[in-house]
Amino acid sequence: MSKEEINSKNSKKDQKESSESKEVKKHSQAKANEKKKSESLESKLQHNLTQLQKEKDDLEDKYLRSQAEMQNMQNRYNNERAQLIKYESQSLAKDVLPAMDNLERALATKVDDEASKQLKKGVQMTLDSLVKAMKDHGISEITAEGVKFDPNLHQAVQTVEAENEDQKDHVVRVLQKGYLYKDRTLRPAMVVVAQ
């Protein structure tokens, strides 16, 4: 083999190695680019996943809050309804109280003749029926005379000098009866209080 042939072979060999080296470099460059793309894609996916998790948490929080609000509204509705049912007769009772007061005033008048006595007896029977009906529906008279003044149950319209220490801050006279409706004051008793 001549020198030229050897040089030609070496040159082809060098070209082949050079082209293989270029291929290897291209291949490693492609792998590096692919790795960068993969890392970039992974980073974007991680970011998107974080965003979606945050949105999911926000929506879940809003859902739980709306569920709680709906439950609270339902409870308020049930409580208001129970209160309405419990105190449904309150306005009727308030309207009937003046009639009862008038019947009591009629009974307080003195009568002499037989016809008036019969009329008074009829008024008493009417008042008794009303009192019974009121009690049946949870309306009761407030005990006032001789008890300690309670601003929740009594309305002081006048004060008088106390005769002794035990009488201070106590009701000495009832001017108008007061009534309770279940656990509410329907009408406070108008009273005179000793000071």
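Start with the whole protein chain coloured by secondary structure: this predicted model has three helices and six strands. Follow the chain along the sequence and the elements come in the pattern α-α-α-β-β-β-β-β-β. Of the 195 residues, 15% count as buried. If you draw contacts between residues at least 6 apart in sequence, 64% of them join residues at least 24 apart.

**Stop one: the open sheet**

Select residues 154-160, 171-176 and 189-194, which are β2, β3 and β6. These three strands form an open sheet with mixed pairing, in the order β2-β6-β3. β2 and β3 stand at the edges with a single partner strand each, so one side of each has no neighbour in the sheet. Turn the view to look across the strands and you'll see the twist, which averages 30 degrees from one strand to the next.

Stay with β3 and β6 for a moment. They pair in the antiparallel sense, over four bridges. For a landmark, click on Q176 and look across to β6: M190 stands opposite.

**Stop two: the hairpin**

Next, select 179-181 for β4 and 184-187 for β5. These two run antiparallel and are joined by three bridges. Pick L180, and its bridge partner in β5 is T185. The hairpin has two residues between the strands, and K182 is the one to click on here: it takes a positive phi near 55 degrees.

**Stop three: the cores**

Show side chains for L97, M100, M134, I139, Y179 and L186. They have the most contacts inside the largest nonpolar core, a group of 14 residues. Which elements each supply at least two residues of this core? They are α2 (90-108), α3 (114-136) and β4. α2 gives the most, with six residues.

Centre on Y179 and show what surrounds this residue. Beyond its neighbours within four places in sequence, Y179 is in contact with L97, M100 and E104, with I139, S140, E141 and I142, and with R184, T185, L186 and R187.

Methods
Residues are numbered from 1 along each chain as its sequence is written. This is a predicted model: local features need pLDDT of at least 70, side-chain atom pairs count only at pLDDT 80 or more; totals for chains, interfaces and linings use all residues. Side-chain values use heavy atoms; hydrogens and water are left out. Two strands pair if DSSP finds at least two bridges between them. Axes are lines fitted to C-alpha atoms, for helices over the stretch in contact, and angles run from 0 to 180 degrees between N-to-C directions. Buried means under 20% relative accessible area, exposed over 50%, partly exposed in between (1.4 Å probe, protein chains only). Contact means heavy atoms within 4.5 Å. A nonpolar core is a set of buried Ala, Val, Leu, Ile, Met, Phe, Trp, Tyr and Cys residues joined through side-chain atoms within 4.5 Å.
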